[in-house]
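Subject: Structure handover

Hello,

Please find the structure below, followed by notes on what was found in it.

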Amino acid sequence: MEQTGNVIVNNCSFEGLRPFMADLPYPPIQVRGKNPAYANLLSIDYCGSVSELSAITQYINNENRLSCEKCPLARTLLGIAMAEMMHLQKLGELIVLLGGKIDFTAKFRDGRRKMWTPEYLTIPEQVKGMLLADIEAEKAAIAQYEAHMKMIKDDCVNAVLARIIKDEEYHIMLLRAMIK
């Protein structure tokens with residue numbers, strides 16, 4: 001960040017930034033058949049408390065707060081957020097193919113429905129706290145994906161979820177490196 005006269009400028013450049021993802025291809029986005037129960041499980045991954053929408057929002061918030069002072073950290077967080085956006089898009093495609101609806105509402109097996117809210121976010125003030133919260137969110141996402149894969153008996157859907165897990169594991173590695 002620099003000030004020239006009455007103008008304050010953020011010199012952190014995000015030009016050319018690409019998503020931070022494992023260097024592996026994604027499987028085709030396809031399903032074996034319509035299955036609203038599977039779509040509902042994926043709606044939790046899409047926009048529940050532990051979800052891609054929550055991850056994107058938390059990463060972007062942290063990136064915005066760091067970009068003026070800690071550009072390399074901010075660039076990494078934005079790259080991770082971009083990967084989470086791709087996950088959100090892939091989950092949305094799967095939900096629609098399974099016969100579900102994209103409405104930012106997580107649909108639980110017990111019939112509860114909960115619309116996404118920023119109350120799901122953890123937003124510490126200190127950088128280390130931000131990174132630790134991001135690591136915990138990634139770990140929770142992996143655990144949730146693994147649990148959902150045990151409930152979903154569609155190899156096409158599970159292949160996409162397994163690939164998303166690879167990215168989440170990569171993100172944990174990056175976040176741990178940033179703490180050091």
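At the start of H2, which backbone nitrogen does a side-chain oxygen of serine 51 reach to within 3.5 Å? The backbone nitrogen is that of leucine 53.

Before the rest, some background. The model is predicted, so local features need pLDDT of at least 70 and side-chain atom pairs count only at pLDDT 80 or more, while totals for chains, interfaces and linings use all residues. Residues are numbered from 1 along each chain as its sequence is written, and side-chain values use heavy atoms, with hydrogens and water left out.

Helices and strands are DSSP runs numbered from the N terminus (helices H or I, at least four residues; strands E, at least two). Helix H2 covers residues 52-66. Its first and last C-alpha atoms are 21 Å apart, close to the 21 Å expected at 1.5 Å a residue (the expected span is 1.5 Å times one less than the number of residues). H4 has 25 residues, which should span 36 Å, and its end C-alpha atoms are 36 Å apart, in agreement.

Among the buried residues of H2 are Leu53, Ile56, Tyr59 and Leu66 (buried means under 20% relative accessible area, with a 1.4 Å probe and protein chains only). The buried residues of H2 pack against H1 (36-47), H3 (71-97), H4 (127-151) and H5 (155-179). In H4, the buried residues include Met130, Asp134, Glu138 and His148, and the buried residues of this helix pack against H1, H2, H3 and H5.

Leaving aside residues up to four places away in sequence, leucine 42 touches Leu91, Leu94, Ile95, Leu98, Ile152, Val157 and Leu161 (contact means heavy atoms within 4.5 Å).

Threonine 105 is in strand E3 (residues 105-107). Threonine 105 counts as buried because its relative accessibility is 11%. Beyond residues up to four places away in sequence, threonine 105 touches Ser43, Cys47, Arg113, Lys114 and Met115.

Regards

Terms used:
Buried means under 20% relative accessible area, exposed over 50%, partly exposed in between (1.4 Å probe, protein chains only). A polar contact is a pair of N or O atoms within 3.5 Å; within protein, one must be able to donate a hydrogen and the other to accept it, and residues adjacent in sequence count only if both atoms are side-chain atoms.
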